[in-house]
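User: I would like to learn how to read a structure feature by feature. Can you walk me through one?

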Amino acid sequence: MTVRRPSFFRQPMAIITLAMLTVLLFFAVFAPLWWGEQAVAADPAAINLSPSAEHPLGTDSLGRDILIRTLVATRLSLVMAFAATALGAICGLLIGALPSVLGTRAQRLFSSVISTWLAFPVLLVAMLTVILLGPGTDTAVIALALTMTPSFARLAQTLSARVGGSEYLAAARMLGVSRGRQFTHYVLPNIAEPVVVNITTSIGGALLALSSLSFLGIGVQPPQFDWGRMLSEGFTQVYISPIAAIGPGVAVVFAGLTFSMLGESLAAHMRRRSGQHTVSARKLGPAPRAHVDTAAATPAAAAGGPEPAAAWPAPLLDVQGLNVSFPSENGWVRTVQDVTFQIAPGELVGVVGESGSGKSVTMMSIAQLAPAGAAVTASRLAFEGDDLAGMPAAKAGKILGTRVGVVFQDSLTALNPALRVGTQLAEVPRVQGKKSRREAQEVTVKALQDVDIPDAERRAQQFPHEFSGGMRQRALIAMSQVGSPSLIIADEPTTALDVTVQRRVLTLLRRECAENGSAAIVVSHDIAVLAELCQRILVMYAGRIVEDIDVRLLATPEKLAHPYTRALAASLPDLDTDRAEPLATIPGEPPDLSQSIQGCAFAARCVFATEKCRFEEPPLASHAHGGRVACWHPQDGRPFTLTARGVEATRRGIDETSEVMV
């Protein structure tokens, strides 16, 4: 697709602003060269002359032409404003944005520094700086930079907070990208636009502030002069010749207005550019065909589910007693509780459950990508024999850097919008493989070709917003595979995709795992998606695994043991579903994990619950169907229907087991 952006130079305000800026820069460059000596040379014969053709603004108390001095002062006035703004912006970015790649403690520390700094009155900071360093040009610049730094820092802190919690930065940390590269390639480019607008607008304010300091006598000192110094000199004769103060006064207003208008023009252009992308469609290549192994086909595969995993001598991933907690006002909230499972090499495992059941948090914690503030503990968390439990995050991240690939949920936010797609894919071979830029580019193009992205070499040079949703998701799969990982963690990889694109993404993921021998954990709230892709399904509810089943059991729902798993399967409409009846739903709401839960978390929504269920938590134990289940009353082999009447009965707590199964 091709993206056309509205031109900045077509805006009337932008054209006027650029013309004004050109005038300022012209005099800043050439006025000191042409009239520099004349501006400082005293002429006793021309003291305090009134405006005339020779001296349009008159002369000062030493006979110097005021108009010439005003034009010559343009350079020093602008240089001081640029220097103060640049120094304040650089310090502000370092204080406000750099902590986003340094960790939670650094963020809290620098946030306190910024808040304390902002509490000091601006004038007091400037006066203290002058007292310590003495009046002068350098002092004025430093004083103003100190007053501007906290405002830039607060802006950078606010903007970088979003980037610091992004999936693409989390992936960069996992790959072992250095903090310096994270800051320069991931944080700064994504906060650049609003920062540039703020800097441009601040230059006008800096001009006014510096002129005020010079006017008060604590800025530029003789023989140097800027507009503020000239205003101070002209004020002494304002009653004799008022026009002496007009020249520098108009210059300050003109320059301040120029940079304010430039900032507004940039802001308007950026808003228009982000909201007016015109996309022209481009013919794509043919859809990839599903990879089917007819020799290994079984009745289960014919029914839509893949073959079960073989028995492997040693697990690829071994998770025992995983717990994840988050701090809250009322103490720690445990969102993942005692999760235990294993993944064999080459196995495709699905994780299903309602929103808030802990699926994504569990998988991201395993990949060492838990959200900031999360406390992750486990009795054992082993990957390919390396126990990550209790291991320092940096060391664990280095182990998982290329051995685990992650496909995030939202492809648009998972890709860095400020970097080209090829550059992002090249991070793995460059950081982990130590390849040259050219070698990494070749790997990147091949990876995009492998996921059926047409014209891969050109596409690698495009930005994420130039890709469709399905192409971005395929690019994420390519990124997860570029390092030939042993395990892929896909967090709802088909969310927000239409059915046809969804099928292509699932087929591609299955094919890539088959060709590379990778295992995969696929998180979804749609059990039908997992039934098509995976060999085994982990069902999660309220932060716990409540059932671990072979996907083939979904073809015979009466063999499912846990009431919650049965309800999920029964909620899926099929071609035989009566359209006159309302869709079946699971009544009630998931429990509030911030409150203490006794017994089985599903008891409040289950018609089979007894007093034992409400007070004793069922363990996850082996079951006759070959998997595991956490239920005191597993419903083995009992037929069920989930109807509107049954749902009402469940809400009333009536045990109508012949018509309801939850």
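The dialogue below takes the features in turn.

User: What kind of model is this, and how are residues numbered?

Analyst: This is a predicted model: local features need pLDDT of at least 70, side-chain atom pairs count only at pLDDT 80 or more, and totals for chains, interfaces and linings use all residues. Residues are numbered from 1 along each chain as its sequence is written, and side-chain values use heavy atoms, with hydrogens and water left out.

User: How many helices and strands are there in the protein chain?

Analyst: Helices (H or I, at least four residues) and strands (E, at least two) are DSSP runs, numbered from the N terminus. The protein chain has 23 helices and 15 strands.

User: What share of the residues is buried?

Analyst: Buried means under 20% relative accessible area, exposed over 50%, and partly exposed in between (1.4 Å probe, protein chains only). Of the 662 residues in the protein chain, 48% are buried.

User: What part of the contacts joins residues 24 or more positions apart?

Analyst: A contact means heavy atoms within 4.5 Å. Among contacts in the protein chain with a separation of 6 or more, 69% join residues 24 or more positions apart.

User: How do I read a helix pair, and at what angle do α2 and α7 pack?

Analyst: Two packed helices are described by the angle between their axes and the distance between the axes. Axes are lines fitted to C-alpha atoms, for helices over the stretch in contact, and angles run from 0 to 180 degrees between N-to-C directions. Here α2 (residues 66–96) and α7 (residues 179–215) pack at about 145 degrees, with axes 9 Å apart. Their crossing is right-handed. For handedness, a crossing is left-handed if the near helix is turned anticlockwise from the far one by less than a right angle, and right-handed if clockwise.

User: Which residues of α2 and α7 meet?

Analyst: From α2, they include S77, M80, F82 and L93. From α7, they include F183, I191, S202 and L210. By class, the contact of α2 with α7 has 16 nonpolar, three polar and no charged residues. Ala, Val, Leu, Ile, Met, Phe, Trp, Tyr, Cys and Pro count as nonpolar, Asp, Glu, Lys and Arg as charged, and the others, Gly among them, as polar.

User: How many aromatic pairs does the structure hold?

Analyst: Rings of Phe, Tyr and Trp (its six-membered ring) pair if their centres lie within 6.5 Å; planes under 30 degrees apart count as stacked, over 60 as edge-to-face and the rest as tilted. The structure holds ten such pairs. F30 and W34 are stacked, at 5.5 Å centre to centre and 25 degrees between the planes. They are four residues apart in helix α1 (residues 12–40), so about one helical turn separates them. F30 is partly exposed, at 32% relative accessibility. Ring pairs also link F26, F27, F30, W34 and W35 into a cluster.

User: How are the rings of F82 and F259 arranged, stacked or edge-to-face?

Analyst: F82 and F259 are edge-to-face: 5.7 Å centre to centre, with 85 degrees between the planes. F82 lies in α2 and F259 in α9 (residues 246–275), so the pair ties together parts 177 residues apart in sequence. F82 is partly exposed at 30%, whereas F259 is buried at 3%.

User: How many disulfides are there?

Analyst: A disulfide is a pair of cysteine sulfur atoms within 2.5 Å. The structure holds zero. The sulfur of C606 has its closest cysteine sulfur in C631, 6.3 Å away, too far for a bond. C606 is buried, at 13% relative accessibility.

User: Why is helix α21 largely enclosed?

Analyst: Seven of the eight residues of α21 (residues 563–570) are buried, so the rest of the structure largely encloses this helix. Among them are Y564, R566 and L568. The buried residues of α21 pack against β5 (348–352), α20 (527–533), β12 (536–541) and β13 (544–550).
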